[in-house]
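Take a look at the model below. This report walks through a ligand and the space around it.

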Amino acid sequence: MKITGIELRRIALPLVAPFRTSFGTETARDVLLVRVVTPEAEGWGECVAMNRPLYSPEYTDGAAEAMRRFLVPALPAHADAQAAGRALARFKGHRMAKAALETAILDAQLRARRESLGSYLGATRERVPCGVSVGIMDSVPELLDAVEGYVAEGYVRIKLKIEPGWDLEPVRAVRERFGPDLLLQVDANAAYTLADAPRLAGLDAFGLLLIEQPLANDDIVQHAALARRISTPICLDESIESAEHAAAAITLGACSIINVKPGRIGGYLEARRVHDLARAHGVALWCGGMLETGVGRAANVALAALPGFTLPGDTSASRRYFATDITPPFELRDGHLDVPAGPGIGVDPVPEILDEVTTSTEWITR
Ligand code: OSB
Ligand code: MG
């Protein structure tokens, strides 16, 4: 496939409500979109980097710089997604930037041959059950109201963001209010250390599905030690940046569940490798999120339809994030989102909406 040109487009989208995690508060998304133009079709990719390096070392300006300076010039004039991935592999890190480029190329390639991303990846379902990630709030009553709203909308699983000082109390309150049948999990975004093991063991009483990334990004060994001291299953997010990391974490007993975010691990092809590896080891998977627009969400929903994704993902409806999404909105029906069936990622940005939220565009010809 000939790559004629690549457009980097920055957009700004306010979130419907501030989203607070242990690493910071987001009030808007500053998103870098990639559009790949080929003679046969165009393809889209969304870079999930946030605008500050708080979740991982990547950030939006850095991803744009890596793309324009190193990644895009390294792409062969003719490439499919596999070849593009190989050409980018010599550059260390920058996985979110690589993932966005590779996804845009994969989208163009699949659109050209009229195959959906779900079909290409090996999806076995037409719709996926959805959870929702609930930020840290100023008070427990405010949290209970938020959770009540999401449960009423039909979300089948609730994830509470936690940090030291906002953990046992909110979890106890949600468990008491919504009962033992609510699928409930927590995400610490690396806010604890192994010295907090006794406090984290206090969560064992609440029947949580999992605790996500309690310790630092590079603490895989410490996660294994923690796993021996608490009964809540450990799920890794930030620590897993590749299939090799997944293999190491599984071998060490650092996690029994993995949150797969294609951007974090360098793309959907690598996500499929993690899927196959985890499935062979009986490690459960779910698809995470990075507050994506409809472009990123479409691809995530396709991935979440693979058979190894046995837990509900953070693939929430468009309205959980944005008043107006850049694609036709993803809507929750009976707690599920439909997997797009059209070619490629199966959705397109609405041109007028896209233009309205665009803050800059940059065209890189080849
Ligand atoms: O840790 O899963 C996370 C959002 C941004 C960065 C990191 C995380 C999150 C979420 C929200 O939890 C997931 C979503 O709904 O997109
Ligand atoms: Mg997480």
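What follows covers the basis of the model, the cavities and the ligand site.

## Basis

This is a predicted model, in which local features need pLDDT of at least 70, side-chain atom pairs count only at pLDDT 80 or more, and totals for chains, interfaces and linings use all residues. Residues are numbered from 1 along each chain as its sequence is written, chains are lettered from A and ligands numbered from 1 in the order in which they are written, and side-chain values use heavy atoms, with hydrogens and water left out.

## Cavities

The whole structure holds four cavities of 30 Å³ or more. A cavity is a set of points, on a 1 Å grid over the protein atoms alone, where a 1.4 Å probe fits but cannot get out. The largest cavity has about 200 Å³ of space. Volume here is the space filled by probe spheres set on the points, which are joined across faces, edges and corners.

Lining residues have an atom within 4 Å of a point. The largest cavity has 18 of them, and F19, K161, G289, M290 and L291 lie nearest its centre.

## Ligand site

Ligand 1 sits in the largest cavity (more than half of its atoms lie within 2 Å of the grid points). Domain 1 (5-114 + 349-365) and domain 2 (119-338) both give residues to its shell, so ligand 1 lies between them. The domain bounds come from an automatic or database domain assignment.

## Contacts

Oxygen atoms of ligand 1 lie 2.6 Å from a side-chain N or O atom of Y321 and 2.9 Å from one of S133. The protein covers 100% of the 390 Å² of accessible area that ligand 1 has on its own (Shrake-Rupley method, 1.4 Å probe).

Definitions and conventions: A polar contact is a pair of N or O atoms within 3.5 Å; within protein, one must be able to donate a hydrogen and the other to accept it, and residues adjacent in sequence count only if both atoms are side-chain atoms. On a 1 Å grid over the protein atoms alone, a cavity is a set of points where a 1.4 Å probe fits but cannot get out, and a pocket is an open set with protein on both sides within 12 Å along at least five of seven lines; lining residues have an atom within 4 Å of a point.
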